[in-house]
Amino acid sequence: MNMQELINNPKTSVVDVREVGEYMQGHYEGAINIPLGTIPNQIDKFKSMEGPIIVYCRSGNRSGMAQNILKQMGIPEVYNGGGLHDMLVYSEN
């Protein structure tokens, strides 16, 4: 499944893993904010998400780390959406 199909899937959850201040300055519409450092404490929230999960940050680096953490914690369907700019480009298509 490509990123566009994931974004168009109504069951996909989009998670911004940047810090709260970064999120407040602008984010992908509909994204929830779970900062990278808090992911281990929020694992139940991720496990309750029904469908695929897209994680993104500013550049794609932190979201890559988040993807690895979540997969190690047993969440298989996690995708790195890259940076906020990448996500906004996907939403325009």
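This briefing covers the nonpolar cores, salt bridges and aromatic pairing of one protein structure. The model is predicted. Its largest nonpolar core has 15 residues. A search of the whole structure finds 3 salt bridges, and the count of aromatic pairs comes to 1.

**Nonpolar cores**

- In the largest core, the residues with the most contacts inside it are Val15, Val17, Ile39, Phe46, Val55 and Leu70.
- Three elements each supply at least two residues of this core: α3 (43–47), β3 (53–57) and α4 (61–72).
- Strand β3 gives the most to this core, with 3 residues.
- Take Leu70 as an example. Leaving aside neighbours within four places in sequence, Leu70 is in contact with Ile39, Ile43, Phe46, Val55, Ile75 and Val78.
- Another core, of 10 residues, lies apart from the largest one. Its members include Tyr28, Ala31, Ile54 and Met87.

- Side chains of opposite charge can pair when their charged atoms come close.
- Glu50 forms a salt bridge with Lys11; their closest N and O atoms are 3.8 Å apart. Glu50 sits in the loop between α3 and β3, and Lys11 in the loop between α1 (3–8) and β1 (13–16), so this pair ties together parts that are 39 residues apart in sequence.
- Is Glu50 buried or exposed? Its relative accessibility is 70%, so Glu50 counts as exposed.
- Asp16 forms a salt bridge with Arg18, with 2.7 Å between the closest N and O atoms. Both of these residues, Asp16 and Arg18, are buried.
- Arg62 and Glu22 meet through their side chains in a salt bridge, at 2.9 Å from N to O. Arg62 belongs to helix α4 and Glu22 to helix α2 (residues 20–24), so the pair ties together parts that are 40 residues apart in sequence.
- Glu22 has 21% relative accessibility, so Glu22 counts as partly exposed. The cut-off for buried is under 20%.

**Aromatic pair**

- A pair of aromatic rings is described by the distance of the centres and the angle of the planes.
- Tyr28 and Tyr56 form an edge-to-face pair. The distance is 6.5 Å centre to centre, with 70 degrees between the planes.
- Tyr28 lies in the loop between α2 and β2 (32–33), while Tyr56 lies in strand β3, so the pair ties together parts that are 28 residues apart in sequence.
- Tyr28 counts as buried because its relative accessibility is 10%. Tyr56 also counts as buried, at 0% relative accessibility.

Conventions: Residues are numbered from 1 along each chain as its sequence is written. This is a predicted model: local features need pLDDT of at least 70, side-chain atom pairs count only at pLDDT 80 or more; totals for chains, interfaces and linings use all residues. Side-chain values use heavy atoms; hydrogens and water are left out. A nonpolar core is a set of buried Ala, Val, Leu, Ile, Met, Phe, Trp, Tyr and Cys residues joined through side-chain atoms within 4.5 Å. Buried means under 20% relative accessible area, exposed over 50%, partly exposed in between (1.4 Å probe, protein chains only). Helices (H or I, at least four residues) and strands (E, at least two) are DSSP runs, numbered from the N terminus. Contact means heavy atoms within 4.5 Å. A salt bridge is a side-chain nitrogen of Lys or Arg within 4 Å of a carboxyl oxygen of Asp or Glu. Rings of Phe, Tyr and Trp (its six-membered ring) pair if their centres lie within 6.5 Å; planes under 30 degrees apart count as stacked, over 60 as edge-to-face and the rest as tilted.
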